[in-house]
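Please look through the sequence and the structure below before reading on.

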Amino acid sequence: MTHRSTWQTMERHIATLMGSCRQYGQSSKSSRFKDPSMLGDIKTDDYLIECKLRDYAPRSFRAKHPRKFYSKFSVKHEWWKGIVKEAAIANRIPVLVIRPKFGQDDDMIVMMREDELPYGYAPKIQPNALHKILKSSVSLRLDSTFPWGYVLFNEWVVALPFQTFLDAVRRKDDPGTTG
């Protein structure tokens, strides 16, 4: 189980990088959809971001390496479905940011719709056998090829490194930036 301060720190860090702040009141599920200001973990002018921090390391790995990140993890389809629903209410673009426990910024993955990628960013989507699409989740490996896309709920969803996404957002926000 991940301690509350660990994922809160991750949310604050991502919000700072995005030039925004964390959303509060996320645990009150009953009133969440009534008040659009309570949706998502981070809200910017364009994006509604849901952050997930998980540890999928097997016990044998964790016993040998108590503080090392494990490069393979699963992304539940319900996470994507939830942020899409919330983003529609908040009139924002849904973004899911996933980081394995003990991972750094370089280990974070962004998932979003291909047609809503930041302007000017046109990735060459890589098919990769190291990623597995399962019934309720998709299994990703950080040591494999990104960006990578797949169809989920009749949408083309792209997984790409967080830093790539952040650079594209910054270029969009500052047209004078080259890169």
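Two strands are said to pair if DSSP finds at least two bridges between them, and the elements themselves are DSSP runs numbered from the N terminus, with helices (H or I) of at least four residues and strands (E) of at least two. This is a predicted model, in which local features need pLDDT of at least 70 and side-chain atom pairs count only at pLDDT 80 or more, while totals for chains, interfaces and linings use all residues. Residues are numbered from 1 along each chain as its sequence is written, and side-chain values use heavy atoms, with hydrogens and water left out.

Six strands form an open sheet in the order 1-2-4-5-9-8, with mixed pairing. Its edge strands, each pairing on one side only, are strand 1 (42-43) and strand 8 (148-152). Strand 1 forms a hairpin with strand 2, with three residues between them, and these two strands pair in the antiparallel sense over two bridges. Strand 2 and strand 4, by contrast, run parallel and are joined by eight bridges.

| Residue | Opposite residue |
|---|---|
| Lys43 | Leu48 in strand 2 |
| Leu53 | Arg99 in strand 4 |

Seven of the eight residues of strand 2 are buried, where buried means under 20% relative accessible area, exposed over 50%, and partly exposed in between, with a 1.4 Å probe and protein chains only.

Which strand holds Arg113? Arg113 lies in strand 5, and Arg113 is buried because its relative accessible area is 16%. Leaving aside neighbours within four places in sequence, Arg113 is in contact (heavy atoms within 4.5 Å) with Trp80, Val84, Pro94, Glu155, Trp156 and Val157.
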